[in-house]
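Morning, everyone. Please have a look at the structure on the screen, and then I will walk you through it.

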Amino acid sequence: MYINEVIPLANLPRLQPQVLSYFSSQRLTWGSLVAIPLAKKTAKGVVISSKAIESKISIKKSGFSLKPLKETINLGPVITKNQYFLLNWLAQYYNLPLTGLFRLALTEAKFLTKMAAFNSPEVNPTKISDKNTHLFQDDFSFLKKRIKEVIRNDRQVFILFPNQIKLEVYKEKLLEFKEEIIVFSKAQSLKASVKICSNINQKRKKIIMGLRSSVFAPFYDLGLIIVVEEENSSHETWEPQIQFSAKKAAEKLAELFQGQLLFVSANPSLENWFSIKQGLLVIQGQMPIIPSQSTEIIDLRKNASGTVIAPSVLGEMKKILNKKGCVLVVVNRRGLAPALVCEDCGFISKCPNCEAALVYHYLSPTIELRCHHCGFKQAPTDLCSNCQSHLIKFFGVATQKVINLLQKDFPEAVAEKFDSDNLKSTKAEKECFTRFNSGQTQILVVTELFFKFLDQLTAKIDLSVLASAEHALIFPDFRSEERLKRIIQKLSWASDKLIIQTFNPEKDFFQNIHNLDKFYTNELELRSRLCYPPYFEIIKITVWHRNLAQASRLAQYYYQHLKQRSAKLFQPRDYQIFPPTSAFIPKIRNLYAKEIFLRFKRDPADPLSLNSIIKRNRVINFLPNDVSVKINPVNLL
């Protein structure tokens, strides 16, 4: 008889055992796919250990009963060793349930039943001596040279993309490697998935391309990992229970395979810039600057008309449109108005389930107020529901409001809106972009969703307008200025002229925007003083409850325990903990939210260290399953 340790492909709670034991009459190979009894149902699982039972008596004396495996579905292994090591590390780094991560990472169970055995190479554990690289632009001659070197050494290349559009650009530019390229995607038929995974694991294909989920492909021998637009937030997952960074997973893959890591981005994240300055990354090329001669800042405080677009900017737009040019207007907020405000009593229409303002949407013929957090909808009223006043004002700037204004001012120009309200598929996005790129559409009002197409423009945009710089700065998040810098950089490189509207042109940010080295230096100094990444890692703990008083009591209880545990394990200089506060949006879906923030000092030279991760997790691993724990979240809101 044998005892088998199995990881169920199921969503088990974080505090519940993630590896379960079952007995079988035969020894099973590591990585076998089996059927197991689990909570009165049958589930599938992956075997990670199979050991002979020396004494059945000792098991009987132990006081627990083992259940038998139901059947062996695939002797496999259906997973590679490095897939297992990656998933195990991600589960610990992000404090995630291993079972849920396995279920997310491994393709459908039907696929696993058909998959032939995966091969796992023996990787030399010696650390690579060459440093990793940061490439400041899509230099395809440099990339081709590196790729050829890796293929010549009979190793594989993995290219990680933030979106499908960027993947298609690279695929076209690397056409000479067409026979070696394969795209990994979970949105494939069973037969196609089996073939793709087999080609990757058998090294029949040397260049693997994919989006976020492709970090879980069954690679055989990665010699080079390329992360395109490393700063792009699309590399982060948004699933409520399983959140991780594909960029961080790529860094771990490079360590596991002892391969080279190459970041490609003209807008390096603060974390990467810090690594460059520390000598941990070698740079290739130069970071493009934001040209001052083609960038203009408009002071909205001098806009006596109070319109969304200042009269002087409308005048610039008119000149461009008269010459049959094109204009791009960036408004990073969907809808007609971010809020409806009563001018008499100041009442703001809010969602009954969330303490968040309802956004006014107008998509002909539908007019409605929507909550962007829980999906609640209601028809707008003509009177204030608090004081019955009829003086209700649209407050703030949003895409629909801007396009309504521009269609009124420029009735002869073709104007369109590019946002997720208006475009529901990638096909629709491409069609809208094509109309603008060809000149059929003269005015395009966009959110950041459009930015992935900037590389595909056949000519520079005549005029781009950032309608409100404050949209990116008003949120209390330490990455706000970094994000705004990224928006301005991308627009300036894609446009003949860029106009930025702001209520605070004297802000240091705008004074340093043409000196990016100074911008990064100032940001790093600020983050060092405030204990933010890359110097510290942040843990956001959210306590939810339907009763506000109970949420406050629970949060205070957890805070005291977190304080005690941190003090036992860390020196005072190596951590910070902040008392519970209400979340930025204090109620969502009828649940009140109280937040506690923990910060732990980290070693930038060894950010993937498992020992430091285990030590940190000893502080937080008592928190129950209904408490949200996010490690280095993409934002703090």
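I will go through a sheet, some salt bridges, one asparagine and a surface patch.

First, the ground rules. This is a predicted model: local features need pLDDT of at least 70, side-chain atom pairs count only at pLDDT 80 or more, and totals for chains, interfaces and linings use all residues. Residues are numbered from 1 along each chain as its sequence is written, and side-chain values use heavy atoms, with hydrogens and water left out.

Start with the sheet. Six strands make an open sheet with mixed pairing. The order is S5-S2-S1-S4-S3-S6. Strands here are DSSP runs (E, at least two residues), helices are DSSP runs too (H or I, at least four), and both are numbered from the N terminus. Two strands pair if DSSP finds at least two bridges between them. Which strands stand at the edges? They are S5 (67–68) and S6 (71–74). Each has a single partner strand, so one side of each is left without a neighbour in the sheet.

Now look at S1 and S4. S1 covers residues 2–8 and S4 covers residues 41–52. They run antiparallel, and seven bridges join them. Take Val 6: its bridge partner in S4 is Val 47.

Next, salt bridges. How many does the structure hold? The count is 31. A salt bridge means a side-chain nitrogen of Lys or Arg within 4 Å of a carboxyl oxygen of Asp or Glu.

One of them joins Glu 176 and Lys 144, at 3.2 Å from N to O. Glu 176 lies in the loop between helix H6 (164–173) and strand S9 (181–184), and Lys 144 lies in helix H5 (residues 140–152), so the pair ties together parts 32 residues apart in sequence. Are these side chains buried or exposed? Buried means under 20% relative accessible area, exposed means over 50%, and partly exposed is in between (1.4 Å probe, protein chains only). Glu 176 has 49%, so it counts as partly exposed. Lys 144 has 22%, so Lys 144 is partly exposed too.

Another pair is Glu 296 and Lys 497, with the closest N and O atoms 3.1 Å apart. This pair links distant parts of the chain, 201 residues apart. Glu 296 sits in strand S14 (residues 295–299), and Lys 497 in the loop between H14 and strand S24 (498–502). Glu 296 is partly exposed at 29%. Lys 497 is partly exposed at 23%.

Then there is Arg 301 with Asp 299, at 2.9 Å between the closest N and O atoms. Arg 301 is partly exposed at 46%, whereas Asp 299 is buried at 16%.

Salt bridges can also form a network. Here one links Asp 138, Lys 166, Glu 229, Asp 455 and Lys 490.

Now for the asparagine. Asn 617 is in helix H18 (residues 610–620). Its relative accessible area is 10%, so Asn 617 is buried. What does its side chain reach at 2.8 Å? It reaches the backbone oxygen of Gln 92.

Last, the surface. Ile 474, Phe 475, Phe 584 and Leu 637 make a nonpolar surface patch of about 350 Å². Ile 474 lies in the loop between helix H13 (470–473) and helix H14 (480–494). Ile 474 has 55% relative accessibility, so it counts as exposed.

Note on methods:
Patches are made of residues with over 30% relative accessible area and no salt bridge: like charges are joined within 9 Å, nonpolar side chains (Val, Leu, Ile, Met, Phe, Trp, Tyr) within 5 Å. Accessible areas come from the Shrake-Rupley method with a 1.4 Å probe; for residues, only the protein chains shown count as cover. A polar contact is a pair of N or O atoms within 3.5 Å; within protein, one must be able to donate a hydrogen and the other to accept it, and residues adjacent in sequence count only if both atoms are side-chain atoms.
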